[in-house]
Amino acid sequence: MHTATPEEKQMLVDFLLRSQKTDCKDAESIRPNPEVTALMYFFWDRSAAVEKWPLFEGAIKETWRNCGFLKTVVVVNKRHDVVLDFSAKHSNVEVQLEPSLVPGNINSMSIDCNSKLAQRFHSKFVLIVQDDGFPLRPGLDEFVARGYDFIGSPYCRPNAIPNILTKILDYCPSNGGFSLRSKKICELAAECWRRHYEGRPFVVDEMSEDLFYTKTLPLHHPFFWLRRKQAPSIIAERFSFEGAFELSSKDLPFGFHTASGFAHLSKRFNIRA
C-alpha cells in the first residue's frame, strides 16, 4: 500500500471538514437501498473522539449524499457525546456500544469485524465506511445487484490476467476499509472465527479483517471458500480505488480507500464536497 504524503492527508481532511458542514439535502433525492446498512467503527479515547468525529461525520454525510439516507450503524468503544448528539439528530443512525474495542487499536476492530459484524446489521448487505474510505458518486445499486459477497479495493493489479484469474479462482484479496459485504459472508466469517481463531494470539497477515475475509477464508478453509462469491479485480476496482496501482478505467470509481486514493481521484476528476 502506498503511504500517503502529508499533503494527501490534508487534502482529505479539508474535504471531510467541508462535508461535515453540509446539510445533506442532496441525499433527499436518492432512494436508499433497503438491502444495505452503512456501518462505521469509531473507537477513540474521549479527548481524541472530539477532535476526530467531524472527519467521521463528514464521511457519513458523503455516504448519504451518494447513497441516500441509508440505515447507519456506528460501533463505538464508549458512549461519546459527539456521536450520541449526531444520532439524536438523525433517526436513521444507531449507535452500538462495544467495550472490547481498544482506542486506536485496529486489531481490536478486526476481531469484532471477524466475529460479530454479522450481528450488527439485519439487511442483506453492509457497506463499511470510514474517514478514509467512502462513496464519491451514486451507484451503490449496481454493486448490490451483482450479488458478490465481498467487494473492496483489490490488492492485485486489475488488468487482464489478474482479472481472469480472480474470476476463475473466485479469489481476490481486497481492502476492507471501504467495502460491501453480504450478510452471508459475515456469518461465514463469524463461524470460521469461532471454530478456528477465537482466543488465539492475533496474527496480522491472517486475522486483519480484510485479509481474514478475502485471503484466510479461501486459502485455509475451503469449506468456507466454496460458500462465497468474490468480486474479480476489475469489478473491485470500479467499486473502490486505493492508489496502489494506476487507475485502469477512465471513469470515476464508486468510492475510494486511503488518502492517496482520494488525492489521485480528486485531482483527476475534480472532486468537490
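## Aromatic pairs

A search of the whole structure finds 20 aromatic pairs, a pair being two rings of Phe, Tyr or Trp (its six-membered ring) whose centres lie within 6.5 Å. One of them joins F43 and W44, with 6.3 Å from centre to centre and 15° between the planes; this pair is stacked, the term for planes under 30 degrees apart, while over 60 counts as edge-to-face and the rest as tilted. F43 is buried at a relative accessible area of 7%, whereas W44, at 23%, is partly exposed. Here buried means under 20% relative accessible area, exposed over 50%, and partly exposed in between (1.4 Å probe, protein chains only).

The rings of F150 and Y213 form a tilted pair, because their planes stand at 40°, with the centres 6.0 Å apart. F150 belongs to strand β5 (residues 150-154) and Y213 to helix α9 (residues 209-220), so the pair ties together parts that are 63 residues apart in sequence. Helices (H or I, at least four residues) and strands (E, at least two) are DSSP runs, numbered from the N terminus. F150 is buried, at 0% relative accessible area, and Y213 is buried, also at 0%.

The model is predicted: local features need pLDDT of at least 70, side-chain atom pairs count only at pLDDT 80 or more, and totals for chains, interfaces and linings use all residues. Residues are numbered from 1 along each chain as its sequence is written, and side-chain values use heavy atoms, with hydrogens and water left out.

## Aromatic cluster and charges over rings

F42, W53, F56, W64, F69 and F86 make up one aromatic cluster.

The charged end of K183 sits over the ring of F121, 4.7 Å from its centre. The charged end of K229 is placed over the ring of Y148, at 4.9 Å from the centre. The criterion is NZ of Lys or CZ of Arg within 6 Å of the ring centre and within 35 degrees of the ring normal.

## Helix α2

Of the 22 residues, 17 are buried.

A kink of about 45° lies at K52, shortly before the proline P54; the bend is the angle between axes fitted to the seven residues ending there and the seven starting there. G68, with a positive phi near 80°, follows α2.

## Cysteines

The whole structure contains zero disulfides, defined as pairs of cysteine sulfur atoms within 2.5 Å. For C24, the nearest cysteine sulfur is that of C67, 11 Å away. C24 is buried at 5% relative accessibility. The sulfur of C113 lies 6.9 Å from that of C186, the closest cysteine sulfur, which is too far for a bond. C113 is buried, at 1%.
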